[in-house]
Amino acid sequence: MYGYEISQHVKSLSEGKLILTEGALYPTLHKLESEGLVQTEKVFFGKRARKYYSLTTAGNKAVSNKLEEFQEFVLAMQLILFPKQAH
Amino acid sequence: MSAELNHQQVSFIESFIETKGLEYEPLQEEILDHICCMIETQMNQGVTFHQASKQVFDHFRKDELKELQDQTIQLLNQKKWTMKKITLLVFGLMLTVVTITWAINLDPPKVSPLGENYKITSGYGMRFHPILKKKKRHVGVDLKAPIGTPVLSTADGVIEKIEDSPNTYGKYIIIKHDDAYQTLYAQLSEIKVEVGQKVKVGETIGLSGNSGMSTAPHLHYEVIKDGKRVDPEQYFGP
Ligand SMILES: [Zn+2]
(Lines give C-alpha, C1' and ligand atoms only; values in the text may rest on other atoms or scores of the structure.)
Protein backbone atom coordinates (compact mmCIF):
# COMPACT_ATOMS: atom_id res chain seq x y z
CA MET A 1 0.00 0.00 0.00
CA TYR A 2 1.15 3.54 -0.61
CA GLY A 3 0.63 6.60 1.56
CA TYR A 4 -2.49 7.97 -0.05
CA GLU A 5 -4.01 4.51 -0.23
CA ILE A 6 -3.37 3.99 3.48
CA SER A 7 -5.04 7.27 4.38
CA GLN A 8 -8.08 6.42 2.25
CA HIS A 9 -8.19 2.93 3.67
CA VAL A 10 -8.24 4.21 7.23
CA LYS A 11 -10.99 6.62 6.26
CA SER A 12 -13.14 3.95 4.66
CA LEU A 13 -12.51 1.39 7.41
CA SER A 14 -13.68 3.91 9.97
CA GLU A 15 -16.54 5.02 7.71
CA GLY A 16 -15.08 8.49 7.49
CA LYS A 17 -14.81 8.95 11.25
CA LEU A 18 -11.05 8.66 11.36
CA ILE A 19 -8.97 11.05 9.32
CA LEU A 20 -5.31 10.18 9.21
CA THR A 21 -3.58 13.45 8.44
CA GLU A 22 -0.49 13.55 6.27
CA GLY A 23 1.32 15.04 9.25
CA ALA A 24 0.67 11.91 11.32
CA LEU A 25 1.02 9.40 8.52
CA TYR A 26 4.30 10.13 6.77
CA PRO A 27 6.62 10.81 9.70
CA THR A 28 5.45 7.54 11.26
CA LEU A 29 5.90 5.56 8.07
CA HIS A 30 9.42 6.90 7.63
CA LYS A 31 10.26 6.07 11.22
CA LEU A 32 8.87 2.54 10.86
CA GLU A 33 10.99 2.13 7.77
CA SER A 34 14.14 3.31 9.51
CA GLU A 35 13.38 0.85 12.35
CA GLY A 36 13.12 -1.97 9.84
CA LEU A 37 9.48 -2.68 10.60
CA VAL A 38 8.22 -1.79 7.15
CA GLN A 39 9.94 -2.03 3.83
CA THR A 40 9.32 0.02 0.73
CA GLU A 41 9.36 -0.43 -2.97
CA LYS A 42 9.38 2.53 -5.29
CA VAL A 43 7.59 2.62 -8.61
CA PHE A 44 8.22 5.46 -11.01
CA PHE A 45 5.74 6.81 -13.50
CA GLY A 46 6.50 10.00 -15.35
CA LYS A 47 7.65 12.61 -12.88
CA ARG A 48 6.02 10.77 -10.03
CA ALA A 49 7.40 8.14 -7.70
CA ARG A 50 5.11 5.99 -5.61
CA LYS A 51 6.38 4.27 -2.50
CA TYR A 52 4.68 1.01 -1.58
CA TYR A 53 4.89 -0.10 2.03
CA SER A 54 4.75 -3.60 3.38
CA LEU A 55 5.59 -5.18 6.71
CA THR A 56 8.96 -6.83 7.15
CA THR A 57 9.32 -10.08 9.10
CA ALA A 58 10.23 -8.00 12.14
CA GLY A 59 7.20 -5.79 11.52
CA ASN A 60 4.94 -8.80 11.26
CA LYS A 61 6.28 -10.10 14.53
CA ALA A 62 5.80 -6.75 16.21
CA VAL A 63 2.20 -6.61 15.04
CA SER A 64 1.39 -10.12 16.22
CA ASN A 65 3.06 -9.45 19.58
CA LYS A 66 0.99 -6.33 19.96
CA LEU A 67 -2.11 -8.22 18.87
CA GLU A 68 -1.50 -10.84 21.53
CA GLU A 69 -1.10 -8.14 24.14
CA PHE A 70 -4.30 -6.61 22.88
CA GLN A 71 -6.16 -9.92 22.97
CA GLU A 72 -4.97 -10.51 26.52
CA PHE A 73 -6.24 -7.09 27.38
CA VAL A 74 -9.63 -7.78 25.79
CA LEU A 75 -9.81 -11.11 27.58
CA ALA A 76 -9.02 -9.47 30.89
CA MET A 77 -11.71 -6.88 30.21
CA GLN A 78 -14.20 -9.63 29.45
CA LEU A 79 -13.40 -11.29 32.75
CA ILE A 80 -14.10 -8.05 34.51
CA LEU A 81 -17.16 -7.02 32.56
CA PHE A 82 -18.79 -10.40 31.91
CA PRO A 83 -17.58 -12.69 34.71
CA LYS A 84 -20.39 -15.21 34.13
CA GLN A 85 -19.60 -15.77 30.49
CA ALA A 86 -15.96 -16.29 31.13
CA HIS A 87 -14.72 -19.81 31.65
CA MET B 1 -11.50 5.91 -16.85
CA SER B 2 -9.71 7.39 -13.90
CA ALA B 3 -7.97 10.72 -14.24
CA GLU B 4 -4.22 10.96 -14.40
CA LEU B 5 -2.46 14.28 -14.17
CA ASN B 6 -0.31 15.30 -17.10
CA HIS B 7 3.31 16.36 -16.94
CA GLN B 8 2.49 20.03 -16.70
CA GLN B 9 -0.02 19.55 -13.91
CA VAL B 10 2.45 17.45 -11.93
CA SER B 11 5.10 20.17 -12.33
CA PHE B 12 2.59 22.70 -11.08
CA ILE B 13 2.04 20.68 -7.89
CA GLU B 14 5.77 20.13 -7.54
CA SER B 15 6.49 23.83 -7.53
CA PHE B 16 3.76 24.36 -4.95
CA ILE B 17 5.44 21.86 -2.65
CA GLU B 18 8.77 23.63 -3.10
CA THR B 19 7.29 26.99 -2.13
CA LYS B 20 6.09 25.39 1.10
CA GLY B 21 9.64 24.69 2.21
CA LEU B 22 9.53 20.92 1.87
CA GLU B 23 13.08 20.05 0.87
CA TYR B 24 13.66 16.59 2.29
CA GLU B 25 13.76 14.56 -0.90
CA PRO B 26 12.25 11.23 0.18
CA LEU B 27 9.25 13.12 1.51
CA GLN B 28 9.08 15.48 -1.41
CA GLU B 29 8.30 12.80 -3.96
CA GLU B 30 5.94 11.03 -1.64
CA ILE B 31 3.94 14.15 -0.89
CA LEU B 32 3.92 14.94 -4.60
CA ASP B 33 2.29 11.60 -5.30
CA HIS B 34 -0.06 12.05 -2.35
CA ILE B 35 -1.27 15.43 -3.56
CA CYS B 36 -1.59 14.21 -7.14
CA CYS B 37 -3.75 11.35 -5.85
CA MET B 38 -5.90 13.78 -3.86
CA ILE B 39 -6.47 15.85 -6.97
CA GLU B 40 -7.14 12.85 -9.18
CA THR B 41 -9.71 11.55 -6.72
CA GLN B 42 -11.49 14.89 -6.95
CA MET B 43 -11.24 14.94 -10.73
CA ASN B 44 -12.78 11.47 -10.88
CA GLN B 45 -15.78 12.99 -9.18
CA GLY B 46 -16.06 15.61 -11.89
CA VAL B 47 -14.13 18.46 -10.30
CA THR B 48 -11.76 20.34 -12.63
CA PHE B 49 -8.01 20.31 -12.07
CA HIS B 50 -8.15 24.00 -11.29
CA GLN B 51 -10.75 23.61 -8.54
CA ALA B 52 -9.22 20.45 -7.15
CA SER B 53 -5.75 21.91 -6.89
CA LYS B 54 -7.14 25.01 -5.24
CA GLN B 55 -8.81 22.86 -2.59
CA VAL B 56 -5.60 20.96 -1.97
CA PHE B 57 -3.55 24.14 -1.73
CA ASP B 58 -6.07 25.36 0.83
CA HIS B 59 -5.61 22.14 2.75
CA PHE B 60 -1.88 22.82 3.05
CA ARG B 61 -2.33 26.53 3.44
CA LYS B 62 0.13 27.26 6.22
CA ASP B 63 3.28 25.48 7.31
CA GLU B 64 1.79 21.98 7.33
CA LEU B 65 4.28 20.60 4.85
CA LYS B 66 7.28 22.17 6.53
CA GLU B 67 6.06 20.84 9.88
CA LEU B 68 5.57 17.43 8.39
CA GLN B 69 9.16 17.46 7.26
CA ASP B 70 10.51 18.69 10.59
CA GLN B 71 8.52 16.07 12.45
CA THR B 72 9.81 13.32 10.20
CA ILE B 73 13.41 14.33 10.65
CA GLN B 74 12.97 14.76 14.38
CA LEU B 75 11.38 11.33 14.67
CA LEU B 76 14.12 9.76 12.59
CA ASN B 77 16.76 11.25 14.86
CA GLN B 78 15.08 10.03 18.00
CA LYS B 79 17.33 7.26 19.24
CA LYS B 80 15.26 6.08 22.18
CA TRP B 81 12.30 5.07 20.10
CA THR B 82 11.84 1.45 21.13
CA MET B 83 9.32 -1.21 20.23
CA LYS B 84 7.71 -0.90 23.65
CA LYS B 85 6.79 2.63 22.84
CA ILE B 86 4.73 1.72 19.83
CA THR B 87 1.72 3.88 20.29
CA LEU B 88 -1.80 2.98 19.39
CA LEU B 89 -1.47 5.16 16.32
CA VAL B 90 1.64 3.42 15.08
CA PHE B 91 0.20 0.04 15.86
CA GLY B 92 -3.00 0.93 14.04
CA LEU B 93 -0.99 2.14 11.11
CA MET B 94 0.98 -1.06 10.91
CA LEU B 95 -2.23 -3.02 11.11
CA THR B 96 -3.59 -0.96 8.26
CA VAL B 97 -0.60 -1.73 6.12
CA VAL B 98 -1.36 -5.41 6.52
CA THR B 99 -5.13 -5.14 6.49
CA ILE B 100 -5.34 -5.71 2.78
CA THR B 101 -3.32 -8.89 3.11
CA TRP B 102 -5.42 -9.87 6.09
CA ALA B 103 -8.65 -9.02 4.35
CA ILE B 104 -7.52 -11.44 1.69
CA ASN B 105 -6.73 -13.96 4.39
CA LEU B 106 -10.20 -13.89 5.81
CA ASP B 107 -12.38 -14.20 2.76
CA PRO B 108 -13.85 -17.53 1.76
CA PRO B 109 -15.36 -17.72 -1.74
CA LYS B 110 -18.85 -16.29 -1.72
CA VAL B 111 -20.15 -15.86 -5.26
CA SER B 112 -20.50 -17.85 -8.45
CA PRO B 113 -17.57 -17.53 -10.88
CA LEU B 114 -19.96 -16.47 -13.64
CA GLY B 115 -21.80 -13.81 -11.70
CA GLU B 116 -25.49 -13.93 -10.90
CA ASN B 117 -26.65 -15.75 -14.00
CA TYR B 118 -25.31 -19.24 -14.00
CA LYS B 119 -26.63 -22.70 -14.78
CA ILE B 120 -25.13 -25.81 -13.22
CA THR B 121 -24.93 -28.56 -15.81
CA SER B 122 -23.17 -31.03 -13.57
CA GLY B 123 -23.06 -30.90 -9.80
CA TYR B 124 -20.57 -32.03 -7.23
CA GLY B 125 -20.37 -35.71 -6.27
CA MET B 126 -20.70 -39.09 -7.98
CA ARG B 127 -21.78 -38.97 -11.59
CA PHE B 128 -21.57 -40.90 -14.80
CA HIS B 129 -18.67 -39.47 -16.76
CA PRO B 130 -19.84 -38.83 -20.35
CA ILE B 131 -16.46 -39.41 -21.94
CA LEU B 132 -14.87 -42.01 -19.67
CA LYS B 133 -18.24 -43.87 -19.62
CA LYS B 134 -18.00 -44.84 -15.98
CA LYS B 135 -19.04 -43.59 -12.59
CA LYS B 136 -16.64 -41.07 -11.21
CA ARG B 137 -16.58 -38.55 -8.41
CA HIS B 138 -17.00 -35.03 -9.74
CA VAL B 139 -14.89 -32.83 -7.51
CA GLY B 140 -16.32 -29.53 -8.68
CA VAL B 141 -19.30 -28.11 -10.55
CA ASP B 142 -19.73 -27.45 -14.24
CA LEU B 143 -21.39 -24.22 -15.21
CA LYS B 144 -22.83 -23.72 -18.65
CA ALA B 145 -20.74 -21.07 -20.42
CA PRO B 146 -20.45 -20.19 -24.10
CA ILE B 147 -16.79 -19.91 -25.10
CA GLY B 148 -15.47 -16.47 -24.14
CA THR B 149 -17.67 -15.92 -21.08
CA PRO B 150 -15.74 -13.86 -18.47
CA VAL B 151 -14.74 -15.95 -15.48
CA LEU B 152 -14.66 -14.06 -12.19
CA SER B 153 -12.65 -14.54 -9.04
CA THR B 154 -15.06 -15.68 -6.32
CA ALA B 155 -13.21 -13.93 -3.47
CA ASP B 156 -10.19 -11.71 -2.90
CA GLY B 157 -6.98 -13.62 -3.28
CA VAL B 158 -3.69 -14.17 -5.02
CA ILE B 159 -3.17 -16.13 -8.23
CA GLU B 160 -1.32 -19.22 -7.11
CA LYS B 161 -1.07 -21.39 -10.21
CA ILE B 162 -1.69 -21.20 -13.93
CA GLU B 163 -1.36 -24.37 -15.94
CA ASP B 164 -2.44 -26.24 -19.04
CA SER B 165 -3.36 -29.93 -18.78
CA PRO B 166 -4.90 -30.76 -22.15
CA ASN B 167 -6.18 -34.17 -21.02
CA THR B 168 -7.97 -33.05 -17.89
CA TYR B 169 -8.48 -29.49 -16.76
CA GLY B 170 -7.31 -27.76 -19.91
CA LYS B 171 -6.09 -24.27 -19.11
CA TYR B 172 -6.75 -23.59 -15.46
CA ILE B 173 -6.13 -21.14 -12.65
CA ILE B 174 -5.86 -21.70 -8.91
CA ILE B 175 -6.45 -18.75 -6.60
CA LYS B 176 -5.33 -18.81 -3.01
CA HIS B 177 -7.73 -16.98 -0.72
CA ASP B 178 -6.46 -17.75 2.76
CA ASP B 179 -4.88 -20.52 4.78
CA ALA B 180 -7.98 -22.62 4.25
CA TYR B 181 -9.45 -21.81 0.85
CA GLN B 182 -8.39 -22.12 -2.75
CA THR B 183 -10.54 -22.04 -5.86
CA LEU B 184 -9.86 -23.63 -9.23
CA TYR B 185 -11.21 -22.55 -12.60
CA ALA B 186 -10.73 -24.98 -15.48
CA GLN B 187 -11.47 -25.41 -19.20
CA LEU B 188 -10.51 -21.80 -19.90
CA SER B 189 -9.83 -20.40 -23.35
CA GLU B 190 -7.91 -17.40 -22.16
CA ILE B 191 -6.11 -16.39 -18.98
CA LYS B 192 -6.01 -12.73 -18.01
CA VAL B 193 -3.89 -12.85 -14.88
CA GLU B 194 -0.38 -13.80 -13.80
CA VAL B 195 0.93 -15.89 -10.96
CA GLY B 196 1.38 -13.75 -7.86
CA GLN B 197 -1.16 -11.16 -8.93
CA LYS B 198 -3.68 -9.98 -6.34
CA VAL B 199 -7.30 -10.19 -7.44
CA LYS B 200 -10.49 -8.87 -5.99
CA VAL B 201 -13.81 -10.66 -5.79
CA GLY B 202 -15.65 -10.25 -9.10
CA GLU B 203 -12.51 -9.49 -11.07
CA THR B 204 -12.25 -11.16 -14.49
CA ILE B 205 -9.41 -13.67 -14.40
CA GLY B 206 -9.97 -15.37 -17.73
CA LEU B 207 -12.46 -16.44 -20.38
CA SER B 208 -14.28 -19.72 -20.45
CA GLY B 209 -13.61 -22.21 -23.19
CA ASN B 210 -13.53 -25.86 -23.99
CA SER B 211 -9.86 -26.50 -23.62
CA GLY B 212 -9.70 -29.79 -21.71
CA MET B 213 -11.54 -33.07 -21.92
CA SER B 214 -15.16 -32.00 -22.15
CA THR B 215 -18.25 -32.42 -24.28
CA ALA B 216 -19.65 -28.91 -24.32
CA PRO B 217 -18.29 -25.49 -23.48
CA HIS B 218 -18.45 -25.04 -19.73
CA LEU B 219 -16.53 -23.76 -16.77
CA HIS B 220 -15.37 -26.37 -14.31
CA TYR B 221 -15.09 -24.79 -10.87
CA GLU B 222 -13.73 -26.22 -7.64
CA VAL B 223 -13.56 -24.98 -4.08
CA ILE B 224 -10.71 -26.46 -2.09
CA LYS B 225 -10.89 -26.20 1.70
CA ASP B 226 -7.84 -27.30 3.66
CA GLY B 227 -6.69 -29.22 0.61
CA LYS B 228 -10.00 -31.09 0.16
CA ARG B 229 -12.47 -30.55 -2.65
CA VAL B 230 -15.80 -29.42 -1.22
CA ASP B 231 -19.16 -28.69 -2.85
CA PRO B 232 -18.81 -25.26 -4.52
CA GLU B 233 -22.56 -24.68 -4.48
CA GLN B 234 -22.34 -23.95 -0.76
CA TYR B 235 -20.29 -20.94 -1.68
CA PHE B 236 -22.51 -19.36 -4.30
CA GLY B 237 -23.87 -16.77 -1.95
CA PRO B 238 -27.30 -16.38 -0.41
ZN1 LIG C 1 -16.28 -30.57 -14.22
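1. In chain B, 61% of the contacts (heavy atoms within 4.5 Å) with a separation of 6 or more link residues 24 or more positions apart. This is a predicted model, in which local features need pLDDT of at least 70 and side-chain atom pairs count only at pLDDT 80 or more, while totals for chains, interfaces and linings use all residues. Residues are numbered from 1 along each chain as its sequence is written, chains are lettered from A and ligands numbered from 1 in the order in which they are written, and side-chain values use heavy atoms, with hydrogens and water left out.

2. Chain B contains five helices and twelve strands; helices (H or I, at least four residues) and strands (E, at least two) are DSSP runs numbered from the N terminus. Buried residues, those under 20% relative accessible area with a 1.4 Å probe and protein chains only, make up 42% of the 238 residues of chain B. Its accessible surface (Shrake-Rupley method, 1.4 Å probe) is about 13000 Å², and carbon and sulfur atoms account for 53% of that area.

3. Zero disulfides are found over all chains, a disulfide being a pair of cysteine sulfur atoms within 2.5 Å. The sulfur of B:C36 lies 7.1 Å from its closest cysteine sulfur, that of B:C37, which is too far for a bond. B:C36 is buried at a relative accessible area of 0%, and B:C37 is also counted as buried, at 5%.

4. One cavity of 30 Å³ or more is counted. On a 1 Å grid over the protein atoms alone, a cavity is a set of points where a 1.4 Å probe fits but cannot get out, whereas a pocket is an open set with protein on both sides within 12 Å along at least five of seven lines; lining residues have an atom within 4 Å of a point. The largest cavity holds about 50 Å³. Its lining includes A:Y2, A:Y26, A:R50, B:E30 and B:H34. Helix 1 (3–13) and strand 2 (48–55) of chain A, and helix 2 (25–44) of chain B, each supply at least two lining residues.

5. The second largest pocket has a volume of about 420 Å³. Of its 16 lining residues, A:Q8, A:K11, A:E22, B:M38 and B:H59 are the closest to its centre. Two or more residues come from each of helix 1 of chain A and helix 2 and helix 3 (49–59) of chain B.

Terms used
Points joined across faces, edges and corners; volume = space filled by probe spheres on them. Buried < 20%, exposed > 50% of the residue type's maximum accessible area, 1.4 Å probe, protein only.
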